[in-house]
Amino acid sequence: MALVLALIVFAALYLQIKSRGASYEEPWLPREIRGAELAYSEKRFESKRHGLVARLDRAYRGGGVLHLVELKTRDYYAAHASDAIELSVQRIVLEEETGEHVSPVAYVAVQKGGQGTPRPIRVDLFEEQEILAMRRRLLEVRSGRGRTPAPAARPKACEKCGQRATCLRTFGEPGRLS
């Protein structure tokens, strides 16, 4: 009976905090975001104007802007260009759908090996026109127009690439390129 009562009290407190939009303090957040309100978590946004869709991990509201945080689990602490692209798309769709300004700087919070405290890594986001140019290039490649993609300088980058099959047919296995 005491356990049930404790669960009810915990649930009521949680809903009360959530409904007030209280700040969500996590000690690993960078200084610029600490004390900010958790505005969105695991939410999908769409830009009808650009035909872009993004599911963001976290957006915090503080200082009159939204701050994006992407959560990653990796074997090493690093942010990649693909993270900056992903966060930049999130920025475009979030600004369009909410009308709020989103910071041009975001964070990739990497949790090494799924253990311990995440480490935030600052990334500068791409401008909207840069993202739209990348989107046009991707659509050209997918439709068979434009230049054929070239393999990445690092074979590891090929592992999760959406164009891997095309490159394998054209260039062979990564690392065996001449």
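Tryptophan 28 is buried, at a relative accessible area of 11%, where buried means under 20% relative accessible area, exposed over 50% and partly exposed in between, with a 1.4 Å probe and protein chains only. This is a predicted model, in which local features need pLDDT of at least 70 and side-chain atom pairs count only at pLDDT 80 or more, while totals for chains, interfaces and linings use all residues. Residues are numbered from 1 along each chain as its sequence is written, and side-chain values use heavy atoms, with hydrogens and water left out.

Let me continue with tryptophan 28. Its place is in the loop between helix 1 (2-20) and strand 1 (37-47). Helices here are DSSP runs of H or I with at least four residues, strands are runs of E with at least two, and both are numbered from the N terminus. Which residues does tryptophan 28 contact, leaving aside its neighbours within four places in sequence? They are Arg58, Val69, Leu71, Ala109, Thr117, Pro118 and Pro120, contact being defined as heavy atoms within 4.5 Å. From C-alpha to C-alpha, tryptophan 28 and arginine 119 are 6.6 Å apart in space, although 91 residues separate them in sequence.

I turn now to the chain as a whole. The protein chain has 4 helices and 5 strands, and their order along the sequence is α-β-β-β-α-β-β-α-α. Of its 178 residues, 30% are buried. Among contacts in the chain with a separation of 6 or more, 49% come from residues 24 or more positions apart. The chain exposes about 11500 Å², of which carbon and sulfur atoms supply 54%; these accessible areas come from the Shrake-Rupley method with a 1.4 Å probe, and for residues only the protein chains shown count as cover.

Next, the helix packing. Two packed helices are described by the angle between their axes and the distance between the axes. Helix 2 (residues 81-98) packs with helix 3 (residues 128-143) at an angle of about 115°, and their axes are 10 Å apart. Helix 2 is therefore roughly perpendicular to helix 3. Under the convention used, angles under 35 degrees count as roughly parallel, over 145 as roughly antiparallel, 65 to 115 as roughly perpendicular and the rest as oblique. The axes are lines fitted to C-alpha atoms, for helices over the stretch in contact, and the angles run from 0 to 180 degrees between N-to-C directions.

Which residues make this contact? Helix 2 contributes Ile85, Ser88, Val89 and Ile92, and helix 3 contributes Glu128, Ile131 and Met134. By class, the contact of helix 2 with helix 3 has 5 nonpolar, 1 polar and 1 charged residues.

Aspartate 83 is also found in helix 2. Is aspartate 83 buried or exposed? Aspartate 83 is buried, with a relative accessible area of 1%. Not counting residues up to four places away in sequence, aspartate 83 touches Lys72, Arg74, Ala78 and Val108.

Most residues other than glycine have a negative phi, and most peptide bonds are trans. Glutamate 42 lies in strand 1 and has a positive phi of about 50°, although it is not a glycine. At 40% relative accessibility, glutamate 42 counts as partly exposed.

Alanine 39 lies in strand 1 as well. Beyond residues up to four places away in sequence, alanine 39 touches Ala59, Tyr60, Arg61 and Leu66.

Glycine 64 is found in the loop between strand 2 and strand 3 (65-74). Glycine 64 is exposed, with a relative accessible area of 71%. Glycine 64 and serine 103 are 39 residues apart in sequence and 9.5 Å apart in space, C-alpha to C-alpha.

Terms used: Ala, Val, Leu, Ile, Met, Phe, Trp, Tyr, Cys and Pro count as nonpolar, Asp, Glu, Lys and Arg as charged, and the others, Gly among them, as polar.
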